[in-house]
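Dear colleague,

I am handing over the structure below, and I would be glad if you could look through it alongside the notes that follow.

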Amino acid sequence: MKRQIFTEDHDAFRETVRTFLAKEVTPHYEKWEKDGIVSRDAWRAAGRQGLLGLAVPEEYGGGGATDFRYSAVLAEEFTRAGTPGFAIGLHNDIIGPYLTSLATEEQKRRWLPGFCTGETITAIAMTEPGAGSDLQGIRTAAEDRGDHWVLNGSKTFISNGILADLVIVVARTTREGGAHGLSLLVVERGMAGFERGRNLDKIGQKSQDTAELFFNDVRVPKENLLGELNGAFVHLMTNLAQERMAIAIAGIAAAEHLLEITTGYVKEREAFGRPLAKLQHIRFEIAEMATECAVTRAFLDRCIADHSDGTLDAVHASMAKWWATELQKRVADRCLQLHGGYGYMTEYPVARAFTDGRIQTIYGGTTEIMKEIIGRSLLG
């Protein structure tokens, strides 16, 4: 089915992204996977190409494109290229909105130009050893000392944790319990007491630096408060729909690409003297996955269009995230099976996609959390 949501401008942007990937990412990706980190040169190259800060106003060095479809194109192409470890989506679609919507004019002029050039790489630190999806469990705290905060605590599983020059930290700024009393404090590279732990060894997305972060009496200037004091819960909830959409878009793009790869493989691979594609079971497997992908794509494209118009709600974003990522997981498993022993070899794209994609149903809110959000909206 021909997709209806993109214009010629989006198609031209897609070609730009593919050219960038072929020149600046794919040739180096294997090395980044071994190193456990993406080169800073690649981030700066992305900035020169105009791929960072797509939605940042032009006056701060960004692209000024509020149309989310450009972000969707970026997510799709990076996924199809098999390079999810280069966390441009995190930078643009998850962290970017906090800076553009919550930052003061002074903060925007201080942080956004580097954000757009790739000189300033960003991260957001929510998860703690004892607190994941449940914000009520956050223990990292900041004490008001007049002209600054003193921040203490730790975070874990922080994407871009090693590279990040600017980290938005969710911290407790009042003794009030529950999810309230949380604020967003921006910690910058070089602040005394801000330390990074090890680059965590994951089963997939090896090139995406994921780290532990430690804050030991870090003096955070009052000027680095992002948004309202004790208003982090509302700020976080406001931006979660876009985060979940970005993950969902990568999910359906990965499933479609795996299906494409596997369809080609079963046409060429022979068993019992004939191509696998001639076996009824194989044809049924491909038919089922193709139908599931087509139906999911129709829903996701509707969600992308709605989000671009500003009408997508948190419930439908949760539906998209749950369904697309669980589909990605199922398709990756079935496609690996259809590749047989070769699917277990890391040199085959299906093997890497299997491990790279497993996190999709976990970060950004687990599948179980998505179901809870949807169920609560229907049942109260």
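The end C-alpha atoms of residues 7-119 lie 31 Å apart, and this span is 68% helix and 0% strand, where helices (H or I, at least four residues) and strands (E, at least two) are DSSP runs numbered from the N terminus. An unreviewed UniProt entry annotates residues 7-119 as "domain: Acyl-CoA dehydrogenase/oxidase N-terminal"; such annotations may be inferred rather than shown by experiment, and their positions are given in the numbering used here, with feature names shortened.

Please note that this is a predicted model, in which local features need pLDDT of at least 70 and side-chain atom pairs count only at pLDDT 80 or more, while totals for chains, interfaces and linings use all residues. Residues are numbered from 1 along each chain as its sequence is written, and side-chain values use heavy atoms, with hydrogens and water left out.

Strand β4 (residues 166-172) has seven of its seven residues buried, meaning under 20% relative accessible area with a 1.4 Å probe and protein chains only. β4 pairs with β1 (residues 122-125) in the parallel sense over four bridges, and with β5 (residues 182-188) in the antiparallel sense over seven bridges; pairing requires that DSSP finds at least two bridges between two strands. Within β4, Val169 is the bridge partner of Ala125 and also stands opposite Leu185 in β5.

Lastly, Arg14 lies over the face of Phe6, at 5.1 Å from the ring centre, the criterion being NZ of Lys or CZ of Arg within 6 Å of the ring centre and within 35 degrees of the ring normal.

Best regards

Conventions:
Buried < 20%, exposed > 50% of the residue type's maximum accessible area, 1.4 Å probe, protein only.
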